[in-house]
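The exercises below are meant for a reader who is meeting this structure for the first time. Please keep the sequence and the model in view while working through them.

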Amino acid sequence: MLKRSLTEDAQEVFRAIALIELGARMQVLESELTLSRDRMIRLYREVKGVSPPKGMLPFSADWYMTWLANIHASLFYNTYLFLKNEARCSHLDALTKGYRLYLEHCRHSETEAVLDLTRAWTLVRFFDADILQLTKCCRCTGKFVAHKHDLQHNVVCGACQPPSRAGKTKKAAAARQQALGAAQVAQAA
Ligand SMILES: [Zn+2]
């Protein structure tokens, strides 16, 4: 059993609470924290008032490629990367702070959040596993989420080229524009 100080132990508990409040599933907690499974289940029940949902995480990388999900995933991942690389946050801090900033962006632009915390976490895992990459849009120069081996040149992001069926084009485009400014917002936070 890992020997930890009381302070370190308390910090792990706070991290778990933050993740649970943001909507993390058990798989996320188990992967990110060193607390015992029993304690995390107890924490989950205390914070949420219900038992954690069971079952596998059903997500595939293709989910992030649909038009709206791609805009949201790109917004979150740009923020995450800024926090990790420029603000020197740990992976876990960048995940929780980045996800909170993403929710704020959605609130400000009156857009419904389509990316839940677990999907945001899975997104980072796909990048770490080299399944996804960021590709530069040749129109707005913003970077968006793409499959690893997709074309890198002369490609256009979803916000610059929304599908005709997209009813809330302006809102999504506004969200995308905010993604471009995510670094500045993250810096100010
Ligand atoms: Zn673009």
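The model is predicted: local features need pLDDT of at least 70, side-chain atom pairs count only at pLDDT 80 or more, and totals for chains, interfaces and linings use all residues. Residues are numbered from 1 along each chain as its sequence is written, and side-chain values use heavy atoms, with hydrogens and water left out.

**Exercise 1. The zinc site**

Identify the protein donors of the zinc ion and determine the arrangement of the donor atoms.

Solution. Step 1: donors are N, O and S atoms within 2.8 Å of the metal (3.2 Å for Na, K and Ca); water is not among the atoms, so sites may look incomplete. Step 2: the SG atoms of Cys-137, Cys-140, Cys-157 and Cys-160 qualify, lying 2.2 to 2.3 Å from the zinc ion. Step 3: along the chain, these donors follow the spacing C-x2-C-x16-C-x2-C. Within this set, Cys-140 and Cys-157 are 17 residues apart and link distant parts of the chain. Step 4: four donors count as tetrahedral if all angles lie between 85 and 135 degrees. The 4 donor atoms subtend angles of 104 to 113° around the zinc ion, so the arrangement is tetrahedral. Step 5: the UniProt annotation "binding site", from an unreviewed entry, covers Cys-137, Cys-140, Cys-157 and Cys-160. The annotated residues are spread over 24 residues of sequence, yet they cluster in space, with a largest C-alpha distance of 8.4 Å. Such annotations may be inferred rather than shown by experiment.

**Exercise 2. The surroundings of the cysteines**

Solution. Step 1: helices (H or I, at least four residues) and strands (E, at least two) are DSSP runs, numbered from the N terminus. Step 2: buried means under 20% relative accessible area, exposed over 50%, and partly exposed in between (1.4 Å probe, protein chains only). Step 3: contact means heavy atoms within 4.5 Å. Leaving aside neighbours within four places in sequence, Cys-160 is in contact with Cys-137, Arg-139 and Cys-140.

**Exercise 3. Positive phi angles**

Where does Arg-88 lie, and where is Asn-154 placed?

Solution. Step 1: most residues other than glycine have a negative phi. Step 2: Arg-88, with a positive phi near 60°, lies in the loop between α4 and α5. At 70% relative accessibility, Arg-88 counts as exposed. Step 3: Asn-154, with a positive phi of about 55°, is in the loop between β2 and α7. Asn-154 is also exposed, with a relative accessible area of 69%.

Methods:
Tetrahedral: all angles 85-135°; square planar, octahedral: opposite > 155°, others 65-115°.
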